[in-house]
Amino acid sequence: MSMSAIQQKIGWIGLGNMGKPMVLNLIKAGFDVTVYNRSSSKTQYFKDNNIPVSPDVKSLVETSDIIFTIVTNDAAVQAIYDEVLLVESLVGKLFIDMSTISKDVSVKTAQALEQKGAGLIDAPVAGSTTPAAEGTLIIMAGGKREHVERAKPYLEKLGKSVKYLGDNGAGLSAKLSVNYFISILYQGLAETILFAEANGISRENMLEIINESASGSGATKVKTPLLVQEKYSPTFALNLMLKDILLAKDSGANFPFTSVLVDTYGAASQEGFGENDVIGIIEYLKK
């Protein structure tokens, strides 16, 4: 499509903790954006600020050239794209799914759209709500190279880095890999804090030592305030991490840590810690 980036009409589906700050960055950059969300309460902010809100998926897709989707899981993505595929003409439209879902669902969706003359790239992100607001996410993209190139002017307003990784599903493979690592880090950090406390070392002191040493990282630093205040309102909920660990397991992760992570995060979720931030795993481990 030869339209310049600025003339492309953007549709955005999914206004949750990540979707809302991300779409606001596109609007701030001056792009022509219309939004949609399944539960209409999340569209109120946009209505109040005179940002066009679509009544349903079908009309959003019909009036957009490039459509972003960022929702919770396989079922939510399938529900949206089932509606998308009912739209009469999809020729030339590009879909950018930034959800963390199974590779299988993503690849099948891409194939179905391709048969109707549209493209899909998977473009999940590394980073939670603060990088989403700051536009400093790392975006991992899979799909046809020309589709990723077409998406770049928009993706570059959402992240500090756009990594093209190969065919459809490659972005998701990278995303599940990075979250697998982070799930190990957070459980390890929580266990370390509890071990230190049991031996008379305060949480604050232990976290300072960790953050100032080679064992510190962006991941430990971002969770330090939550651990110190013992308040776990979610920037990334434990249930979402559990979903990603299970997706990684389904994608072939079968290592000594895998069963430990499935057991710990699974039990924490069942015990009612799932809506807390992922580092709230410490509250489960404390028990």
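This is a predicted model: local features need pLDDT of at least 70, side-chain atom pairs count only at pLDDT 80 or more; totals for chains, interfaces and linings use all residues.

Trainee: Which residues are in contact with Asp122, leaving aside its neighbours within four places in sequence?

Mentor: Contact means heavy atoms within 4.5 Å. With those neighbours set aside, the partners of Asp122 include Asp97, Ser106, Met140, Asp167, Asn168 and Leu172.

Trainee: What makes Thr34 count as buried or exposed?

Mentor: Its relative accessibility is 16%, so Thr34 counts as buried. Thr34 is located in strand β2, residues 32–36. Not counting residues up to four places away in sequence, Thr34 touches Ile10, Gly11, Trp12, Pro52, Val53, Ser54 and Leu60.

Trainee: And how does one classify Asp244, as buried or exposed?

Mentor: Asp244 has 2% relative accessibility and therefore counts as buried. Asp244 is found in helix α11. Beyond its neighbours within four places in sequence, Asp244 is in contact with Thr100, Lys175, Leu176, Asn179 and Phe236.

Trainee: What is meant by a nonpolar core?

Mentor: A nonpolar core is a set of buried Ala, Val, Leu, Ile, Met, Phe, Trp, Tyr and Cys residues joined through side-chain atoms within 4.5 Å. In soluble globular proteins, nonpolar side chains tend to be buried together. Here the largest nonpolar core has 32 residues, of which Tyr186, Leu189, Ile193, Leu227, Tyr265, Ile279 and Ile282 touch the most other members. Two or more residues each come from α8 (170–198), α9 (203–212), α10 (218–229), α11 (238–250), α12 (256–273) and α13 (281–286). The largest share, nine residues, is given by α8.

Trainee: Which residues does Ile282 contact, leaving aside its neighbours within four places in sequence?

Mentor: Ile282 is in contact with Ala190, Ile193, Leu194, Arg203, Leu227 and Tyr232. There is also a second, separate core of 31 residues, which includes Val125, Ala132, Leu137 and Tyr154.

Trainee: How do you know that Glu149 and Lys152 form a salt bridge?

Mentor: A salt bridge is a side-chain nitrogen of Lys or Arg within 4 Å of a carboxyl oxygen of Asp or Glu. The closest N and O atoms of Glu149 and Lys152 are 3.7 Å apart, and the pair forms a salt bridge. Because they are three residues apart in helix α7 (residues 145–158), about one helical turn separates them. Glu149, at a relative accessible area of 42%, is partly exposed, and Lys152, at 24%, also counts as partly exposed.

Trainee: What makes the pair of Lys287 and Glu271 a link between distant parts of the chain?

Mentor: Lys287 is in the segment after α13 and Glu271 is in helix α12, 16 residues apart. Their side chains meet in a salt bridge at 2.7 Å, N to O. Lys287 has a relative accessible area of 66% and is therefore exposed, whereas Glu271, at 45%, is partly exposed.

Trainee: Which residues are linked in a network of salt bridges?

Mentor: The network links Glu230, Glu283 and Lys286. Within it, the closest N and O atoms of Glu283 and Lys286 are 3.2 Å apart. A search of the whole structure finds 11 salt bridges.

Note on methods:
Residues are numbered from 1 along each chain as its sequence is written. Side-chain values use heavy atoms; hydrogens and water are left out. Buried means under 20% relative accessible area, exposed over 50%, partly exposed in between (1.4 Å probe, protein chains only). Helices (H or I, at least four residues) and strands (E, at least two) are DSSP runs, numbered from the N terminus.
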